[in-house]
Amino acid sequence: MMWLHKRNKIVLFTLVMCCLLLNTSLFAQKTKTKPQINWLTWEQLADSMKVKPKPIFIDIYTSWCGPCKMMDKKTFPNKYVIRAMNENYYAVKLDAETRDTIVFRGKKYGWKEVRDGKGANSLAIEIGWESNTLSYPTLVILDKAYQMVYRYPSFLYAMMLEEVLVQFK
């Protein structure tokens, strides 16, 4: 290094730094996050519907539900489901057992006991209740006018959900 002049040391240092920055930049491009469904909160849904109405997809689930977890792991990460969902719907998740108050279409929905101390959020009951029961997961699609056009009280594979999403967009 003694044979390098001060000017050459600066040039060499600059080249090394440029190579490091370029390498870091290329690495950052390779580690892009995978696409995913743009799940909205109930507040974001209300704001979005005011600006640009779209059909609404609601995933009614519980934290203990095995098929619900499989939907999150196998169905919702599917690239075709993600594309169909994000392009054509506003998607929201509804924890059926939440005791939080949800405001939807100006109405407040809270916890409601159904029988023997068991219950669910009243919005989950209102839109998911079928044949005197609430199953998990229950998938619901509302049209732009908030009318129910689809309800399915069970797990759906990605290919089946994609077909549903295309049909009701």
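Reader: Which residue's side chain does Lys107 meet in a salt bridge?

Author: This is a predicted model. In it, Lys107 sits in strand 5 (residues 107–109) and its partner in helix 5 (residues 122–128). The two are 19 residues apart, so the pair links distant parts of the chain. The N to O distance is 3.4 Å, and the partner is Glu126.

Reader: Are Lys107 and Glu126 buried, partly exposed or exposed?

Author: Buried means under 20% relative accessible area, and exposed means over 50%. Lys107 has 44% relative accessibility. Glu126 has 45%.

Reader: How many salt bridges does a search of the whole structure find?

Author: The Lys107 and Glu126 pair is one of them. Another joins Glu130 and Arg151. Asp59 and Lys93 also meet in a salt bridge. The search of the whole structure finds four.

Reader: Which parts of the chain does the salt bridge between Asp59 and Lys93 tie together?

Author: The N to O distance of this pair is 2.6 Å. Asp59 and Lys93 are 34 residues apart in sequence. Asp59 lies in residues 56–61 and Lys93 in residues 90–95, so the pair ties together strand 2 and strand 3.

Reader: Is Asp59 buried or exposed?

Author: The cut-off for buried is under 20% relative accessible area. Asp59 has a relative accessible area of 2%, so Asp59 is buried.

Reader: Where do Glu130 and Arg151 lie?

Author: Their side chains meet in a salt bridge, at 3.0 Å from N to O. Glu130 has 31% relative accessibility and counts as partly exposed. Arg151, at 29%, also counts as partly exposed. The pair is 21 residues apart: Glu130 is in the loop between helix 5 and strand 8 (138–142), and Arg151 is in strand 9 (residues 148–152).

Reader: Which residues do salt bridges that share partners join into one network?

Author: Start from the salt bridge of Asp59 and Lys93. Shared partners bring in Asp72. The network is Asp59, Asp72 and Lys93.

Reader: How many helices and strands does the protein have?

Author: The protein has 169 residues, and buried residues make up 35% of them. Its secondary structure comes to six helices and nine strands.

Reader: Is helix 4 roughly parallel or roughly antiparallel to helix 6?

Author: Helix 4 (residues 79–88) and helix 6 (residues 158–168) pack with their axes 9 Å apart. The angle is about 20 degrees. Angles under 35 degrees count as roughly parallel. That makes helix 4 roughly parallel to helix 6.

Reader: Which residues in helix 6 does helix 4 meet?

Author: Helix 4 passes helix 6 in a left-handed crossing. From helix 4 come Tyr80, Val81, Ala84 and Met85. In helix 6 they meet Ala158, Leu161, Glu162 and Leu165.

Reader: What is the relative accessible area of Leu161?

Author: Leu161 is in helix 6. Beyond four places away in sequence, Leu161 touches Phe57, Met71, Thr75, Phe76, Val81, Leu139 and Leu156. Leu161 is buried, with a relative accessible area of 0%.

Reader: What separates the C-alpha atoms of Leu161 and Tyr80?

Author: Tyr80 is in helix 4 and Leu161 in helix 6. Along the chain they are 81 residues apart. Their C-alpha atoms are separated by 9.5 Å.

Technical notes. Residues numbered from 1 in each chain as written. Predicted model: local features only at pLDDT ≥ 70, side-chain atom pairs only at ≥ 80, totals over all residues. Heavy atoms only, no water. Helix = DSSP H or I, 4+ residues; strand = E, 2+ residues; numbered from the N terminus. Buried < 20%, exposed > 50% of the residue type's maximum accessible area, 1.4 Å probe, protein only. Axes fitted to C-alpha atoms, helices over the stretch in contact; angles between N-to-C directions. Parallel < 35°, antiparallel > 145°, perpendicular 65-115°, else oblique. Left-handed = near helix turned anticlockwise from the far one by under 90°. Contact = heavy atoms within 4.5 Å.
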